[in-house]
Structures are given as C-alpha cells and as structure tokens.
Amino acid sequence: MNRWLTESPAWRALETHAEELREQHLRELFASEPARFDDLSCRHGELLIDYSKQRVTRQTMQLLQQLAEQADIAGWMTRMRAGEAINHTENRAVRHCALRAGEAAPPEVKSVLARMAAFCEGVHNGQWRGYSGERISDVVNLGIGGSDLGPHMAVQALAACQQPDIRVHFVSNLDGADLASTLARLSARRTLFIVASKTFTTLETITNARTARAWLLAACGDESAVARHFVAASTNLQATGEFGIAPENVFEFRDWVGGRFSLWSAIGLPIALAVGFRNFEQLLAGARDMDEHFFTAPAHSNLPITLALLALWNTNFLKAHSHGVFPYSQSLALLPAHLQQLEMESNGKHVDRQGLPIDIATAPILWGTAGTNGQHSFFQLLHQGSELVACDFIALGKADFPLPGHHSGLLANCLAQSSALAFGQTEAEARQAGIAETLLPYRTFPGNQPSSTIVLPELTPFTLGQLIALYEHKVFCLGVLWNLNSFDQWGVELGKQLASRLAPCLRGEAPSDALDSSTRGLIEHLRQFRN
C-alpha cells in the first residue's frame, strides 16, 4: 500500500481540508474572495493559467505544495536532469529534455539534428528527388503510438506554418484501410516514406512499411528505388539496411527517449519536413523555455507543478476520475489524443515504484475534442450529468487563421463554457429569465464543475513547444506524487505478446485448443470469413 503518502501529515491535512471545502460552491468562493483571479492564476512570459475556477483556495494550494515538498519533487527533478536511471524497471535514464537543450545538448543529439536539417533542406530545395527525378511532394510517416500521435498533432497544430508544395500524411493503424486510402491519393514517383520505429520491429509499422515498399516497387520495378523513397527513425541499422534504406538516411535516437516523449528527437522529422527545420528548432526552443521554468521556478508559481497538484486534488480528494481537455483551436484538435497517451500510458499504473499495490486512484481517464464542436455533443453531460469532470480549456490570444468575425466568437464560447460549468444556473435565475415553472427542473444547472483555462498568446512553434512540455512535466510530477514509474508501459507489451500468439491461430497455422473458450470461439467464427 502507498501508506507513506496517504498517512503522511500533508495528506491527512488535505483530507480534513477537503471535507471542509466539499460543500462549498464556486459561487460562494468567488463571492468571498473577490481577488480569486489574481490569487489563483500563474504566468510564465505570456502564457497564463487561470485556475480560479478550480474548487480550491489559497490554503488548498499551500497544503498541496507541502505535499509536493514531502514527495521530493525537487529531488526527482535533479535525478532526472542528472541522467539517473529513474525508469528503474528498464534501467534507463529519462532524458527527453536533453533533446531540446540547444547548445547544452549532448553531441549525439546535435549530430542527428544537423543531419535532419541537411535532409530537410535537400527535400525542400529539390536536391532530394525520387527515382524518376521528380521532386518530393508528399511525405508519409509510418509509425504508431509516440511515433505517430505527437508528430501528427504537431503538424496539424502548425498548419499555418506549412511549407509550400509539401504535404505530410500519417499512417499508424494496422487496418489496411488507413494505408490504402492514403496511397490511393499519392504518386509513387513523388512520395517519401519515413519508417518511425526504434527497433524496426513494431508490428503495425513494419507491416505498413512492407506494403508501402511493395506499392513503390510495383510502380517502378527497381529495388534501388527504395533508397530514394524510404528513410527511417530507428536504431536498428541491420534491419533498415536489409529493408533497403541507406545508413546515412537512418536518423537514430537513444533508449533514454521514451516514445511518448520522442517528438523532439528524430521522430520529429515529419514535423521538420512539414514546417521547415527553423520552425522545428523554434518548437524545441519553446520546450526548452518551459524546461528552464520548470526546473527553476518556485512551487507556488511553477506551472507544471500547479497543474499536477490540481490534478491530484481533483482525482484523490474531489473524486473526479475523468479529465477533459478542450482546446478552442481546430489546429489543436489532436492535442487530446496526444495527451491521452502521455498521461494514461505514463501514470495508468496500480503498482508503485517498490512493486506494491496502490490504494488510491491514479491517472484519470483523459478525453476531449476541439471547441466549439464538443459543445454540441458531450457538453450536455458536463452541465447536467451526474459525474464530476475536471476540465482544461485552452485558448489562443490571436488566431492562427484570422478570418474576420471568427475568433472573438470562438473565445466568447470558451469563456462562456468555463463560466457556465463553474456557476451554473439556479432556479431563481431561471425563473427571472422567464422560464415556465414546469420547465424549471430542466433549466437549472448545478455548476461547481472545476476547470482551468490555459491561454497562449498565439499558436506558434515556440508556444506549442511550451504547451507540450508543460503537460510532459505535469505527468512527471504526478508520477512522483503517486510514487509511480511514469516511463515504462508493460501493459502495452502484454497486448503485443498475446497478439503475436493469436495471429498464427487466425491464419490456421497453429492450434487454438489451449485458448479460452471465448477467444477460441471467436477465432473459429472469424476464420470462416477469411476462407
């Protein structure tokens, strides 16, 4: 059991405080604390987090900061920066911050970045061409998980910076529909594939890569063409060589780079191709800026620590086991998907660092979509449902695509939703608005749903880097607070192992007698369609 945490003085004090605060409504808190916005918001440069609509007070934050001190977040920061093997189950360091450290980056990181820069320049200026001598017009990234979600999100987020004459596509699913529908729109003579797999053995990625290779060869009939149309982000030079990729076109990254933290590495090559290497450098610079803030700012004004403490408060003391992320930016529509992997794969654990079961909730279910779309689907549940859901709203000061009349309406909706979730509508207010008595039960809203609002001045490579690093460090802090290893993912590995055993059964190449009756019955049923 995690008793060192739940029986600590700081945790006990928070439990007592939560009981005192539980019945208070955000309406009452704002009425009694006119300066809540000033007291319960924090800034770093032009990036703002307003958490005054969270169900907390200054006392709550002080108690949470005491818990952070007890958990030794500062000490764990130092260990991570020093390169200690804090991913103890895999005996690996956690050094994704080194990927964006600029002049302080390790030589091997600088070397790969230099090679990426040269490669991007060659593609963009037309020096790198396909087997027929035509310029590359389309890039297809073949990856899955961290080799897909982060880069895909970033490329869409930075659409306003898109390089002319280059389109970047992402294929991740093993379902042939993903790859087939992409290839149908492309010309083999002008398409470049990036195979993003550290080991070059990931089932989904390698299956898609082999099919893409066959598609290319069907068009050109010359094996030597593979080297002009395939590059890799990998460490397995033997496998990439056997595939036909030239060694100089393999961009390596180290085992201290976890998949969900890897978009800053060679895995970010599709980002650099999509928006240009200078913009990719600005993405790294934004993350580096957030790193320095995280490692140096005191707890009370530290943005990642603040987000982590609020998440712990909502999860463990207010019992909100669901967390919504709602970027009011279509460009950030894929951010919730990236954060799902970042948060749930990192902290979706029930065993602590000592291998003991944890007796408190960890890693709330994270979900979300772009506003205003969510308002017309699931926001009804947030306003009048029976579940407590903590939310992050993300807003941009300036639009990245400034069409007249759009952005002010978008921001108005963002602010209205967070306000409505916080304060609701009482029966008296509904009556005053002229609602019929028979409809009053349906037109009242309890409110008191906690939320934070994160405001970026605008969406640029730099601010996107800040935002992603902000959430990365939040995840790290929560892992420390819950005493978890946030950097392994053995549950993912279990599914891969089982799938490798079942595939031969589905093909009729292995007996299914030893399987459970459900799996055996499903295999027998599915095989009739294959035949």
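Two strands pair if DSSP finds at least two bridges between them, and helices (H or I, at least four residues) and strands (E, at least two) are DSSP runs numbered from the N terminus. With that in hand, E10 and strand E11 (residues 451-456) pair in the parallel sense over 6 bridges. This is a predicted model, where local features need pLDDT of at least 70, side-chain atom pairs count only at pLDDT 80 or more, and totals for chains, interfaces and linings use all residues. Residues are numbered from 1 along each chain as its sequence is written, and side-chain values use heavy atoms, with hydrogens and water left out.

- Buried here means under 20% relative accessible area, exposed means over 50%, and partly exposed is in between (1.4 Å probe, protein chains only).
- Strand E8 (residues 322-327) has 6 of its 6 residues buried, so the rest of the structure largely encloses it.
- Look at either face of E8 and you find cover: Ser322, Gly324 and Phe326 are buried on one side, and His323, Val325 and Pro327 are buried on the other.
- E8 and E9 run parallel and are joined by 3 bridges, with Gly324 having Trp367 as its bridge partner in E9.

**A closer look at Ala395**

- Ala395 sits in strand E10 and counts as buried, at 5% relative accessibility.
- Ala395 and Pro327 are 68 residues apart in sequence, yet their C-alpha atoms are 6.3 Å apart in space.
- Leaving out residues up to four places away in sequence, Ala395 touches Leu411, Cys414, Ile454, Val455 and Leu456, where contact means heavy atoms within 4.5 Å.

**Aromatic pairs**

- Rings of Phe, Tyr and Trp (its six-membered ring) pair if their centres lie within 6.5 Å; planes under 30 degrees apart count as stacked, over 60 as edge-to-face and the rest as tilted.
- The count by this rule is 22 aromatic pairs.
- Take Phe294 and Phe476: their ring centres are 6.1 Å apart and their planes are at 90 degrees, so this pair is edge-to-face.
- Phe294 lies in helix H14 (residues 277-296) and Phe476 in helix H20 (residues 461-482), so the pair ties together parts that are 182 residues apart in sequence.
- Phe294 is buried at 0% relative accessibility, and Phe476 is buried with a relative accessible area of 4%.
- Another edge-to-face pair is Trp367 with Phe378, at 4.7 Å centre to centre and 75 degrees between the planes.
- Trp367 lies in strand E9 (residues 365-367) and Phe378 in the loop between E9 and helix H17 (379-384), so this pair links parts that are 11 residues apart in sequence.
- Trp367 counts as buried at 19% relative accessibility, whereas Phe378 is partly exposed at 22%.
- Phe326, Tyr328, Trp367, Phe378, Phe379 and Phe393 form one aromatic cluster.

**Charges over rings**

- A charge sits over a ring if NZ of Lys or CZ of Arg is within 6 Å of the ring centre and within 35 degrees of the ring normal.
- Arg36 has its charged end over the ring of Phe30, 5.0 Å from the ring centre.
- Arg100 lies over the face of Trp264, 4.6 Å from the ring centre.

**Nonpolar cores**

- A nonpolar core is a set of buried Ala, Val, Leu, Ile, Met, Phe, Trp, Tyr and Cys residues joined through side-chain atoms within 4.5 Å.
- The largest one has 119 residues, and Leu464, Phe476 and Leu481 touch the most other members.
- H20 gives the most to this core, with 13 residues.
- Not counting residues up to four places away in sequence, the contacts of Leu481 include Trp4, Leu5, Leu67, Ile73 and Leu312.
- A second, separate core has 22 residues, among them Leu183, Val226, Phe243 and Ile245.
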